[in-house]
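Here is a short briefing for a first look at this structure.

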Amino acid sequence: AEIAVVGLGYIGLPTAITFANAGFRVTGYEIRKEVVERINSRKAHIVEPEIDELLKKAVESGNLRATSDPDDIRGKDAYIICVQTPLNEDKTPNLGYLEDAVRTVARAMKRGSLIVIESTVPPLTTIKMAKLIEEITGLKPGEDFYMVHAPERVMPGRIFEELVYNSRIFGGITPESAELAERLYRSFVKGRTFKTSSTVSEVVKLMENTFRDVNIALANEFAYLAHQYGIDVFEAIELANTHPRVRIHTPGIGVGGHCLPKDPHLLVWPARDDFGLIRLAREINDGMPLLAKDLLFDALKTVNLPPEKAVVAVLGLAYKGDSDDTRNSPALTFVDEIRDEVAEVRTHDPLVGGTHENLEDALRGADAAVIATDHTAFKSLDWEKLGSLMRTKILVDGRHVVENPPVGFVFKGVGRGGY
Ligand code: SAJ
């Protein structure tokens, strides 16, 4: 079968590479010309373990080619859509990228094509997109073409492994659609596969990320409580988690990335009722950078340093440890929150960059260090040594990276009551 993958981002490119290396002829369609050029010259534009070798193999075998010309994806057997579905300013879904992709596919497809949406979408979207294709082409959904929602479930940093070993859901607008998609993906998926309707599949995907977001919100609320009672929430969670049916998540400076901050909104958006728990969880998680800010300002007060005189070094900009992705990163929110209230904000992230490439340079003469990302590189820092570079020794840990407060520091941490 000949496949077109539409959208070559964090999900589309690894998916295109994986299909190509499984023996399919894959055309990757992407509107960003510079991305197309990079891919065809065997250079990935995203950071992910093994991606460079796997991309090289896919391109050199002749099985993968990228293009920004819609004519190059005419008449394919299958179209796999992997475009972003972000939120607008007012937290409503922006389905513009998806609609553009669907229109492009509608103009290129043939009778009998299978269309797979991997993007995370509000419930009922796949059926709406099938209708859009019918309007454009006159082809009957489920009869003249097949359509499926097959959500990706991969974790950045482990994408190529999880693409193969995670179980997958195929939600068809008809049972035959789901069957065709399952057969296609079975060429490389070693996990279990399940067939259902497109609406169930859309809801399943959104429930998974909402489950995680709500659980993190609960952990974050426990962190607030720990400050009230002067205890360390991480000690308490560790002990609570010795119960056989308790698995409390990890509190921190916030919840970022392209998925968790957005998906709970997509889940409740098309529904009529209010769904308070899901919305409240989002608010709690969005508020966490402000708790970190309060902790920083408390520490400055302890040493009698007015915030407007303070030089603050923020360590970590990525939304999570060992990632270079800053989408919706709580570290960036934190920086924005303090920027106008302190003398200077410096930033340092070994994978993202920042104002200071070198950690020592970022800390030299600073009054406070704030850890905003749990990069592995931050876990083994010698704070007693680094402290000698600083003007004032304040350390705020937003990600439970530092186990024991270093000697001589004013130490604060999210969920670390009692310091
Ligand atoms: N976080 C916490 N506490 C935790 C877990 C995470 O504060 O206990 C924070 C992280 O620091 C990060 C954010 O949440 O800022 C999200 O990180 P994550 O590791 O939970 O998830 P993502 O966004 O990298 O990937 C998620 C995954 N979904 C689930 O685990 C249910 C992944 O499997 C999905 O494929 C991905 O979303 C997606 O694309 O939807």
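A polar side-chain atom of R212 sits 2.4 Å from an oxygen atom of the ligand. The protein buries 88% of the 770 Å² that the ligand exposes when taken alone. The model is predicted.

**Around the ligand**

- The ligand has 20 residues around it, and E152, N209, R212, T250 and Y319 come nearest.
- Y319 places an N or O atom of its side chain 2.6 Å from an oxygen atom of the ligand.
- G256 takes part through its backbone: a polar atom there is 2.9 Å from an oxygen atom of the ligand.

**Helix α2**

- Helix α2 spans residues 33-40, and its buried residues are V35, V36 and I39.
- These buried residues line one face of the helix, because they fall within an arc of 100° when seen down the axis of α2.
- In an α-helix there are 3.6 residues a turn, so residues three or four places apart point the same way.
- K33, E34 and E37 are exposed, on the other side of α2.

- R42 follows α2, and its phi is positive, near 70°.

Note on methods: Residues numbered from 1 in each chain as written. Predicted model: local features only at pLDDT ≥ 70, side-chain atom pairs only at ≥ 80, totals over all residues. Heavy atoms only, no water. Buried < 20%, exposed > 50% of the residue type's maximum accessible area, 1.4 Å probe, protein only. Helix = DSSP H or I, 4+ residues; strand = E, 2+ residues; numbered from the N terminus. Arc of directions from axis to C-beta. Near = heavy atom within 4 Å. Polar contact = N/O pair within 3.5 Å; in protein donor to acceptor, adjacent residues only side chain to side chain. Areas by Shrake-Rupley, 256 points an atom, 1.4 Å probe, with all protein chains shown as cover.
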